[in-house]
Amino acid sequence: MSEVYEPRVIEERWRNVWRASGAFSADVERPGKKFYYLNMFPYPSGYLHVGHGRNYVIGDSVSRFHIMRGYNVLNPMGWDAFGLPAENAAIERGMHPREWTMKNISHAKEQFRAWGIEYDWDREVATCEPDYYRWTQWLFLRLYQHGLAYKKRASVNYCPDCETVLANEQVVGGVCERCGAAPVPRNLDQWFFRITDYADRLLEGLADLRWPEHVKKMQENWIGRSEGAEITFEVGSGHEIVVFTTRPDTIWGATFMVLAPEHPLVDELTTPDRREEVESYRAAAARASEIERAATDREKTGVFTGSYARNPVSGAEMPVWIADYVLTTYGTGAIMAVPAHDQRDFEFARAFGLPVRVVIRPEGEPEISADDLTEAVPALGVMVDSGPLTGTPAHMAMGHTIAHLEEKGVGRAAVAYRLRDWLISRQRYWGAPIPIVYCDRCGTVPVPEEDLPVLLPDVAYIGKMGLADIPGYADTDCPSCGGSARRDTDTMDTFVDSSWYFLRFVSARDGSQAFDPDRANAWLPVDLYVGGVEHAILHLLYARFVTKALHDLGYLAFEEPFERLFSQGMVCHTAYRCPQHGWVYPKEAEGGRCSQCGAELETAYFSMSKSKRNVIDPSEIIDRYGADTERLYTLFMGPPDRDIEWTEEGIRGAWRFLNRLWQLVVAQLPCVRSAPGPVVQAELDTEGRALRHKLHATIRKLTEEFEGRLGLNTAVAALMELTSEISEYCARPEPDLRLVAEATRNLVLLIAPVTPFLAEELWHRMGGSETVLRCPWPGVDPEALEVSEIELPVQINGKLRARLRVSASAASDPAALERAALDDANVRGHLEGKSVVKLIAVPGKMISIVVK
């Protein structure tokens, strides 16, 4: 009678073994053959669901594989505990952020344990702990001392719901990425990190990274390097307006100038008769966000300042306007408007009756009348009405134009960036306090390193509040003169905490420094970093900047933090929406109708989200099927870098497979324990050679997938195929017991990174005395992969008509393949009465015959 697979019993038996064995404890003093694996650490703002589990199951499987391969594996875990996600979740529950955060961390660690996911827990960090944010403050001071952190008054994105400033990168689709509210502009004194100083190096460094191309492209587009020219336009009042343009060759078509309402020259250029209208317009523009102002479908508005500039190449007078579609955050905050060849300028010109002048004509087309234009003409073709450059092809015109401007002394080649300095000030409580003091006598004074950390005050939490709302927090003594002073009352953006945490893990308990430079230089860059693509711009860009800055300050020998990046896809699940009650839980959606009101429900697939009520609690799956079933299904349900759909049938399929594997191995335990000796390849029959070929091809396949592209779904599929072939071979009358033992033993080793509980149980039943993680990963026997015969398909007019078994030597010889195909009885039958038009033999692949 077969033994039943009981995951609950098995998994509880092994849950604590791996930690106790020390298999996940890295020897950081002697890296040797090292492998630094890192998952992006989570926000502990809620409980983990099976969608989160995908990230961590991938990481645990990869780490187990490398441990079995003999690597010194560093796989730590920490908690991105500060910031709005945790604070807002705590507010919803009427709890202190620290209480809510610690509760979630504790629960997440239990979830990891239930999944069989292990880390080097001796290196655990939480960014909200003083022994961590002390060093976040140290990082701030180092950047400040070297001119990379500064404070200035700026128009910023302020979220009215979160009640704090947002970095440009945190405004997604015109709304706050955290709460969905539309930000409003505010002028505030804020701290910035000078990331723009590193724009070119951030771009150049992308080339050598083993990152997904679409992630590199996202960073490249966000940095937004544009080549062009800076051109100076004189104004009659003696002032000069400098513009940046990527198309200096269109300057002969510039007919008016536009300044951003915030441009410092607006006050100087506005004439008395225009003052009231200009000021009214500036006030209105200040109430709109940059996102709103930059929208291409926004109605064009503006006001004439009363001043005129002179076109430096044509000498024509150009009225100077202000308009909110021009922003101070790109270029110089001023543009030369070329309405014939820029759609926004064209719409503005038509709205206010401004002149339009065509200076580029598409090649081979007749002259274009500006009066007839209904939209801007693409700036491609041949230059016309462009002074000495008339007739120049547009693709050659930029260099010639810049040279002409430089010769006249009115312009030069220049580069501009979309990237803006990183705004790090936040007006909320739950974050690392900025270590700066303001003294009336001494000015801005950094807190001395020996006085760090500046502690977050332990107060009763009353909802959305900042440090400025806490009585007495700002009162302090000046570190320089000892007089009365005021603390900075902002906290740092949570992305500052995560911009360096990967360095802390190598010396997580070191109280004397943020990280040990020698250890960091030995272990980093991180060999494999895994996390969601949603962090492509924010976290990944900031971490690269901080690493480069620390390199320049002499702390690090490397400039990039993550050698290889892998971005896993989302796990999606059906969501149900009631017209009256909004999103409802699946259990409230039986029969496609809302259980509360009976209304017909709308259904859609979304990534798992608590707001959509379509998350699945992993404990439900583990209680019913076991953690190994969830792990197997998580890896098998699709390419790990693609979004996938979670289905109940998929889970049941994974459960059935593990039962088959269990029954197979348990049935062969007597054979494995008897240790019948090594396989002799020459003594195997055809079926035996085929199974051994499959076994070692699977070993090679899994090794390549774990070390290479991480196609773990295909690795699991290969294990399923191998299991079936072993089962078929064992069912024959007289299997070779040596091969049965080799195949069964290696099957358990191969599946150990994927389903560690089951593998550990079976390994010990086979006679293993220590954890399966301490066993070497199976090696590939080249002899087993040698084949004497190969099966090739034969297609006739595109349809499969036969399969040929030919010798390995013949398979590589096109002429031999042609002869074999034409000699095959089945092929001859399909060719009878037909003429062969073409026969193509692809060595080792297939034979294709075209007949008529």
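The following questions and answers go through parts of a predicted model.

Trainee: How do helix H20 and helix H23 pack, and is H20 parallel, perpendicular or oblique to H23?

Mentor: Two packed helices are described by the angle and the distance between their axes. Helix H20 covers residues 648-673 and helix H23 covers residues 737-751; their axes are 10 Å apart, at an angle of about 135°. The angle makes H20, relative to H23, oblique.

Trainee: What is the handedness of the crossing of H20 and H23, and how many nonpolar residues does the contact have?

Mentor: The crossing is left-handed. From H20, residues including Phe-657, Leu-661 and Val-665 take part, and they meet residues of H23, among them Val-740, Leu-747 and Ile-751. By class, the contact of H20 with H23 has 2 polar and 1 charged residues, and its nonpolar residues number 13.

Trainee: Which residues of helix H19 meet helix H22?

Mentor: Helix H19 (residues 627-636) and helix H22 (residues 712-730) have axes that come within 7 Å and cross at roughly 120°. By class, the contact of H19 with H22 has 7 nonpolar, 1 polar and no charged residues. On the H22 side are Leu-712, Asn-713, Val-716, Ala-717 and Met-720; on the H19 side are Leu-632, Leu-635 and Phe-636.

Trainee: Which strands stand at the edges of the open sheet of 4 strands?

Mentor: The order in this sheet is S6-S5-S9-S19, and the pairing is antiparallel. A strand at the edge has a single partner strand, so one side of it is left without a neighbour in the sheet. The edge strands are S6 (164-166) and S19 (422-423).

Trainee: How many residues lie between S34 and S35 in their hairpin?

Mentor: Strand S34 (residues 836-842) and strand S35 (residues 846-851) pair in the antiparallel sense over 6 bridges. Gly-844 in the turn has a positive phi of about 75°, and the residues between the strands number 3.

Trainee: Is Ala-675 buried or exposed?

Mentor: Ala-675 is found in the loop between H20 and helix H21 (686-707). Its phi is near 45°, a positive value in a residue other than glycine. Relative accessibility is 55%, so Ala-675 counts as exposed.

Trainee: What is the phi of Asn-797?

Mentor: The loop between strand S32 (789-796) and strand S33 (799-807) holds Asn-797. At 44% relative accessibility, Asn-797 counts as partly exposed. The phi of Asn-797 is positive, in a residue other than glycine, with a value near 50°.

Terms used. Residues are numbered from 1 along each chain as its sequence is written. This is a predicted model: local features need pLDDT of at least 70, side-chain atom pairs count only at pLDDT 80 or more; totals for chains, interfaces and linings use all residues. Side-chain values use heavy atoms; hydrogens and water are left out. Axes are lines fitted to C-alpha atoms, for helices over the stretch in contact, and angles run from 0 to 180 degrees between N-to-C directions. Helices (H or I, at least four residues) and strands (E, at least two) are DSSP runs, numbered from the N terminus. Angles under 35 degrees count as roughly parallel, over 145 as roughly antiparallel, 65 to 115 as roughly perpendicular and the rest as oblique. A crossing is left-handed if the near helix is turned anticlockwise from the far one by less than a right angle, and right-handed if clockwise. Contact means heavy atoms within 4.5 Å. Ala, Val, Leu, Ile, Met, Phe, Trp, Tyr, Cys and Pro count as nonpolar, Asp, Glu, Lys and Arg as charged, and the others, Gly among them, as polar. Two strands pair if DSSP finds at least two bridges between them. Buried means under 20% relative accessible area, exposed over 50%, partly exposed in between (1.4 Å probe, protein chains only).
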